[in-house]
Amino acid sequence: MKEQIEALRSTALEEVAKTSDLRALEDARVKYLGRKGKITEILRGLSQVSPEERPVLGQAANKVRDAISDAIDARKEVLDAEAEQQKAASEAVDLTLPGRRPRKGHMHVINQVTDDILEIFFELGFQVAAGPDVETEYYNFESLNIPADHPARDSHDTFFVKPGVVLRTHTSPVQMRVMEKTQPPVAVVVPGRVYRVDYDASHSPMFNQVEGLLVDEGVTFADLKGTLMMFVHRFFGKDTQVRFRPSFFPFTEPSAEVDISCTVCQGKGCRVCKNSGWLEILGCGMVNPKVYEYAGYDTEKYTGYAFGLGVDRIAMLRHAISSIGHLYENDMRFVEQF
Ligand code: DAH
């Protein structure tokens with residue numbers, strides 16, 4: 001039995017020394033020192049041994065138990081230190097790695113174009129004005145000389161919020177809101193979102209306009225023409241041809257639409273201008289005296305002009321964008337190009 005105890009010591013110590021992690025070490029502890037372990041088994045077996053041999057063997061077994069226990073403690077220290085080191089290595093920060101840059105935002109192309117348009121009018125002394133997107137029928141139609149039964153209402157494909165309240169179909173209602181609050185001279189530009197029930201490659205249910213209004217004594221169509229020509233030459237370049245085409249709007253008389261020579265083919269004819277060589281960019285005219293009556297302006301004393309620019313159209317022409325939908329889908333591959 002003595003030999004058996006000694007043999008146990010050497011196998012146990014060898015096994016402990018070979019453990020490669022804390023888990024294996026714990027298994028070894030259970031195997032030798034646990035309640036059903038080999039040493040425990042021997043100590044229990046001592047009751048079978050003769051009383052003379054018992055103290056000698058007991059002492060030997062206890063010694064071996066202590067030796068194994070010490071070996072386990074020592075091994076545990078080593079493995080603990082190793083585990084600690086491994087953890088530190090895996091969590092280490094590599095300061096030489098390049099950083100991750102935060103993505104930088106920038107102005108949307110529509111806002112860039114809007115700002116560029118406004119800037120030109122600011123230089124001429126126009127001020128900026130604004131009005132609500134949710135607008136009354138009175139401001140959107142009636143005060144602009146578009147009565148309820150007027151066919152021009154049909155062409156606006158209006159979104160109704162509730163009876164008498166609409167999403168504005170153009171920025172023109174802000175003309176009336178400004179005139180109600182200010183006496184001439186008035187010179188304002190009004191950027192804003194407008195809404196119509198319409199959706200295809202060149203129509204979006206929400207799009208953008210810049211409205212212009214100038215009222216003073218002695219304003220003529222020549223002033224309107226000069227201002228818009230100057231705008232076109234500044235914005236599209238001085239070689240751009242400008243054409244005023246007679247048109248109709250209830251709130252202006254006379255009215256015109258302005259075309260510019262096609263920015264893609266320089267007027268030769270292409271797909272963008274549908275072979276006409278011309279592109280329409282705005283509507284305009286001399287403010288109809290009926291509108292001044294709604295505003296409470298002296299129709300004998302004042303004259304003025306107004307215009308409405310399609311911002312989306314202009315952005316599409318400037319950047320050769322094929323579908324208006326691109327402007328609003330927020331696909332980063334598109335947005336990041338501007
Ligand atoms: N409001 C018109 C539209 O959206 C555009 C327009 C035409 C505005 C003539 C004007 C104007 O101020 O004088 O179709």
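K274 is placed in the loop between β8 and β9, where strands (E, at least two residues) and helices (H or I, at least four) are DSSP runs numbered from the N terminus. The model is a predicted one, in which local features need pLDDT of at least 70, side-chain atom pairs count only at pLDDT 80 or more, and totals for chains, interfaces and linings use all residues. Residues are numbered from 1 along each chain as its sequence is written, and side-chain values use heavy atoms, with hydrogens and water left out.

Although K274 is not a glycine, its phi is positive, at about 50°. At 74% relative accessibility, K274 counts as exposed; exposed means over 50% relative accessible area, buried under 20%, and partly exposed in between, with a 1.4 Å probe and protein chains only. Q266 is also found in the loop between β8 and β9. Q266, not a glycine either, has a positive phi of about 55°, and with a relative accessible area of 57% it is exposed. Most residues other than glycine have a negative phi, and most peptide bonds are trans.

The bond from P184 to P185 is cis, with omega near 0°, and P185 sits in the loop between α7 (173-181) and β5. The bond from E253 to P254 is cis as well, with omega near -5°; P254 belongs to strand β8 (residues 252-261).

At the level of the whole chain, there is a division into domain 1 (2-90) and domain 2 (109-335), the bounds coming from an automatic or database domain assignment. The C-alpha centres of domain 1 and domain 2 are 92 Å apart.

The buried residues of α2 are L25, A28 and Y32. They cover an arc of only 60° around the axis, which puts them on the same side of α2; the arc is that of the directions from the helix axis to the C-beta atoms. An α-helix has 3.6 residues a turn, so residues three or four places apart point the same way. The cover over the buried residues of α2 includes α1 (2-18), α3 (38-45) and α4 (53-91), contact being heavy atoms within 4.5 Å.

Turning to the strands, an open sheet of 7 strands has the order β1-β5-β6-β10-β9-β8-β7, and its pairing is mixed. The edges are held by β1 (127-128) and β7 (242-249), each with a single partner strand, so one side of each is left without a neighbour in the sheet. Two strands pair if DSSP finds at least two bridges between them. β1 and β5 run parallel and are joined by 2 bridges, with V128 standing opposite V189 in β5.

Strand β6 (residues 206-216) has 9 of its 11 residues buried, so it is largely enclosed by the rest of the structure. Strand β5 (residues 186-195) pairs with β6 in the antiparallel sense over 10 bridges, and M206 in β6 is the bridge partner of Y195. β6 also pairs with strand β10 (residues 303-310), antiparallel and over 8 bridges; here F307 in β10 is the bridge partner of G212. Across β6, β9 (278-287) and β10 lies helix α10 (residues 311-319), running at about 55° to β10. Such angles run from 0 to 180 degrees between N-to-C directions, and axes are lines fitted to C-alpha atoms, for helices over the stretch in contact.

Another open sheet is formed by 3 strands in the order β2-β4-β3, with antiparallel pairing. β2 (134-136) and β3 (160-162) stand at its edges with a single partner strand each, so one side of each is left without a neighbour in the sheet. Neighbouring strands of this sheet are turned by 35° against each other on average, direction ignored. Strand β4 (residues 165-167) and β3 are antiparallel and joined by 2 bridges; V165 in β4 is the bridge partner of K162.

Finally, M176 is found in helix α7. At 0% relative accessibility, M176 counts as buried. Leaving aside neighbours within four places in sequence, M176 is in contact with Y139, S143, V291, Y294 and A295. M176 and A130 are 46 residues apart along the chain, and their C-alpha atoms are separated by 11 Å.
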